[in-house]
Amino acid sequence: VALSGQIESYLTERVGIAASRVERICNGVDTLRFRPASARQAVAGSPFDDPDAVIVGTVGRLQTVKDQLNLVRAVAIARGQGGAGARLRLIIAGDGPQRAEVEAEIAATGIGDITWLAGARSDVPEVMRALDIFALPSQAEGISNTILEAMASGLPVAATDVGGNAELVAAGETGALVPAQDPQAMAQALLRYTADAALRQSHGAAGRQRVERSFSIDNMVERYTRLYQSLL
């Protein structure tokens with residue numbers, strides 16, 4: 001069972017497993033635990049209470065492959081352009097070996113006043129409901145459960161076009177896909193969402209519908225059940 005098209009291709013083309021013996025079933029997300037908020041909610045510890053702010057956030061271990069440095073630079077670029085960019089606020093949830101580098105980049109780009117390093121969290125669903133936009137700036141990914149959690153939470157997703165991200169994010173419908181390690185491109189994606197509340201709402205709603213249709217826990221279990229029944 002391959003969790004993504006990329007893994008499916010690897011198994012059939014590189015490993016040499018017959019295509020008839022490979023089934024692609026993506027991971028599912030708990031759509032009850034991760035659900036949209038009727039309005040953006042506060043999360044414990046957040047310093048942001050301005051109703052006019054647009055909060056972008058990411059969740060993940062602070063390590064090179066997740067490339068939170070890219071997101072920090074993108075937010076700094078967006079803020080520097082003024083206009084809608086001045087409304088951006090940034091939440092980075094997670095901890096890891098690159099924390100000191102992330103802190104240094106926040107200081108170097110001058111966005112410490114609009115950035116909250118939230119650390120490791122046990123309340124990720126609540127963090128999601130405190131955001132307006134979810135960003136995933138990774139240099140590499142498989143199938144990102146975090147993207148699915150953000151989509152289930154009704155958030156538009158700005159993600160790098162790596163790994164299985166394009167299998168989850170429908171560009172122009174549920175989010176935006178940008179090149180990896182390109183803070184300018186990520187900044188432009190964030191600015192489009194920051195300037196357009198209706199676009200955030202429509203892409204977030206479409207993401208939730210996409211998860212319910214194709215990436216829910218129930219859908220995943222049903223597909224595994226059908227696979228086992230067919231083999232038995």
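Below is a short chat about a predicted model.

Q: What kind of model is this, and which pLDDT cut-offs apply?
A: The model is predicted: local features need pLDDT of at least 70, side-chain atom pairs count only at pLDDT 80 or more, and totals for chains, interfaces and linings use all residues. Residues are numbered from 1 along each chain as its sequence is written, and side-chain values use heavy atoms, with hydrogens and water left out.

Q: How many strands are in the sheet, and in what order?
A: 6 strands form an open sheet, ordered E3-E2-E1-E4-E5-E6, with parallel pairing. Strands (E, at least two residues) and helices (H or I, at least four) are DSSP runs numbered from the N terminus. Two strands pair if DSSP finds at least two bridges between them.

Q: Which strands are at the edges?
A: Strand E3 (115–119) and strand E6 (175–178); each pairs on one side only.

Q: What is the average twist?
A: The twist averages 20° from one strand to the next. Angles run from 0 to 180 degrees between N-to-C directions, and axes are lines fitted to C-alpha atoms, for helices over the stretch in contact.

Q: How many bridges join E1 to E2?
A: 6 bridges join strand E1 (residues 54–59) to strand E2 (residues 88–93), and the two run parallel. Val59 has Ala93 in E2 as its bridge partner.

Q: And how many between E4 and E5?
A: 3 bridges, again with the strands running parallel. Ala135 stands opposite Ala158 in E5.

Q: Which way do the E5 side chains point?
A: Val157 and Ala159 point one way from E5, Ala158 and Thr160 the other way, and all are buried. Buried means under 20% relative accessible area, exposed over 50%, and partly exposed in between, using a 1.4 Å probe and protein chains only. In a regular strand the side chains alternate between the two faces of the sheet.

Q: Which strands does helix H3 lie across?
A: Helix H3 (residues 99–109) lies across E2 and E3, running at about 170° to E3. Helix H5 (residues 145–152) also packs on the sheet: H5 touches E1, strand E4 (133–136) and strand E5 (157–160), and its direction makes about 165° with that of E5.

Q: What does Thr146 touch?
A: Thr146 is in helix H5. Leaving aside neighbours within four places in sequence, Thr146 is in contact with Val59, Met128 and Phe134, where contact means heavy atoms within 4.5 Å. Thr146 counts as buried because its relative accessibility is 18%.

Q: Switching to backbone angles, what is the phi of Asp67?
A: Near 55°, a positive value in a residue other than glycine. Most residues other than glycine have a negative phi. Asp67 is found in the loop between E1 and helix H2 (68–80).

Q: Where is Gln181, and what is its phi?
A: Gln181 lies in the loop between E6 and helix H7 (183–195), and has a positive phi of about 55° although it is not a glycine.

Q: Is Asp67 buried or exposed?
A: Asp67 counts as buried because its relative accessibility is 7%. Gln181, at 55%, counts as exposed.

Q: What is the volume of the largest pocket?
A: About 430 Å³. On a 1 Å grid over the protein atoms alone, a pocket is an open set of points with protein on both sides within 12 Å along at least five of seven lines, a cavity is a set where a 1.4 Å probe fits but cannot get out, and lining residues have an atom within 4 Å of a point. Grid points are joined across faces, edges and corners, and a volume is the space filled by probe spheres set on the points.

Q: Which residues are closest to the centre of the largest pocket?
A: Of the 24 lining residues, Ala37, Leu131, Asp132, Gly154 and Gln201 are the closest. Helix H8 (residues 197–214) gives the most to this lining, with 6 residues.

Q: How many cavities are there of 30 Å³ or more?
A: The search of the whole structure finds 1. The largest cavity holds about 30 Å³ of space, and its lining is Thr58, Val59, Gly60, Lys66, Gln68, Leu136, Pro137 and Ser138.

Q: Is Gln68 buried or exposed?
A: Gln68, in helix H2, is buried, with a relative accessible area of 2%.
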